[in-house]
Amino acid sequence: MKVRIEINKGSGFCFGVQNAVNLAEQELHRSGNLYSLGSIVHNKVELDRLKSMGLNVIDYEQFRKLKNVKVLIRAHGEPPDIYKIAHRNNIELIDATCPIVSQLQARIRTGYQKTKNIGGSVVIYGKQNHPEAKALLAQTEGKAILVNNQSDLDKINFKNHIFLYSQTTMNSKEYETILSVIAEKITASGGHPDQLLHVNRTICKQIINRESVLRKFACNYDMILFVSSKESSNGRMLYQLCKSINRKSYFITNLQDLVKISFNNVSSIGICGATSTPQWFLEKIRIRTEELSGNKRK
Ligand code: SF4
């Protein structure tokens, strides 16, 4: 029996990551080398491909020591300090900060300014040590409160204004839960959420759409192959979503992972991925799955 194997049409790079990869490729075709501050994309196979073209991934220590070169800023964005160092060291930045992230940074700066005028705090729902979250915190001179779960909410003063934002790649349902718990705590402290809680729904639409597409996609197949690197925060989140809907969901990072899976009694397989998973790699996974599931001769 032929196994039905399909790639989810909405998977592949989001436009922010695609734009960063395009800008890197343009420069690499032109000059053959380029520095990238941090990994341009949280995906090993794509990073390896760009490195083979001349991309050199550097950390913050290395960046500080560079002079007179070109450095790409990835879609996550960077703190204001990085731009000052670049100016001082005559570093030409190829700024691939996603426009949605730039907008969020600007909104956080506005919220922070309001806390200076009327009091209160900026609260960001995000991941500790995630590069996007670090750059968002830096918009408030490090004064914002980063929360990742309900136990982190103890750090907030519920009696004053709260300007609430989310990192762009967080789970939208969990964000709604966090904001309703904050509203309850304001009420319990004797205040009115309508007056004190200023909610900004800043999870990227590309993430929200992908969540709802994958919810439907994951229940249409006997098995789901979710393709991503472990470093991708959005990949881990979307995989958990698939797993909660289809128990036979597997996290695939490379072609070897497929060999460990039994395709017995499976008549349909759905392949999908994170916003950092390249389309070309999903296609490679599809071809190898065809072979291993018996659709094609090995
Ligand atoms: S997930 Fe959204 S905000 Fe983040 S890089 Fe992609 S398009 Fe931009």
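This is a guided tour of the predicted model shown above, stop by stop.

Residues are numbered from 1 along each chain as its sequence is written, and side-chain values use heavy atoms, with hydrogens and water left out. Because the model is predicted, local features need pLDDT of at least 70 and side-chain atom pairs count only at pLDDT 80 or more, while totals for chains, interfaces and linings use all residues.

**The whole protein**

The protein has 12 helices and 12 strands; helices (H or I, at least four residues) and strands (E, at least two) are DSSP runs, numbered from the N terminus. Taken along the principal axes, the C-alpha atoms fill a box of roughly 70 × 55 × 25 Å.

Switch to a surface. The protein exposes about 14,500 Å², and carbon and sulfur atoms supply 49% of that area; accessible areas come from the Shrake-Rupley method with a 1.4 Å probe, and for residues only the protein chains shown count as cover. Of the 298 residues, 52% are buried. Buried means under 20% relative accessible area, exposed over 50%, and partly exposed in between (1.4 Å probe, protein chains only).

Contact means heavy atoms within 4.5 Å. Among contacts between residues at least 6 apart in sequence, 70% join residues at least 24 apart.

**The ligand**

Select the ligand next. The space that the ligand takes is the largest cavity. On a 1 Å grid over the protein atoms alone, a cavity is a set of points where a 1.4 Å probe fits but cannot get out. A molecule sits in a cavity if more than half of its atoms lie within 2 Å of its grid points.

Select Gly12, in the loop between strand E1 (4-7) and helix H1 (15-31). Gly12 counts as buried because its relative accessibility is 2%. Leaving out residues up to four places away in sequence, Gly12 touches Arg210, Ala274, Thr275, Thr277, Gln279 and Leu282. For a distance check, pick Lys2: Gly12 and Lys2 are 10 residues apart in sequence and 26 Å apart in space, C-alpha to C-alpha.

Move to Val41, in the loop between strand E2 (34-37) and helix H2 (44-52). With a relative accessibility of 3%, Val41 is buried. Beyond its neighbours within four places in sequence, Val41 is in contact with Phe13, Val17, Glu46, Leu47 and Ser276. Between Val41 and Ser233 there are 11 Å, C-alpha to C-alpha, for a separation of 192 residues in sequence.

Select Asn129, in the loop between strand E6 (121-125) and helix H6 (131-138). Asn129 has a phi near 70°, a positive value in a residue other than glycine. Most residues other than glycine have a negative phi. At 59% relative accessibility, Asn129 is exposed.

Go on to the loop between H6 and E7, which holds Thr140 and Glu141. Thr140 is buried at 0% relative accessibility, whereas Glu141 is exposed at 54%. Glu141 is not a glycine, yet its phi is positive, about 55°. Thr140 touches Ile108, Tyr112 and Val122, not counting residues up to four places away in sequence.

End at Asp152, in the loop between strand E7 (145-147) and strand E8 (162-166). Asp152 counts as buried, with a relative accessibility of 16%. Its contacts, leaving aside neighbours within four places in sequence, are with Leu146 and Val147.

Key. On a 1 Å grid over the protein atoms alone, a cavity is a set of points where a 1.4 Å probe fits but cannot get out, and a pocket is an open set with protein on both sides within 12 Å along at least five of seven lines; lining residues have an atom within 4 Å of a point.
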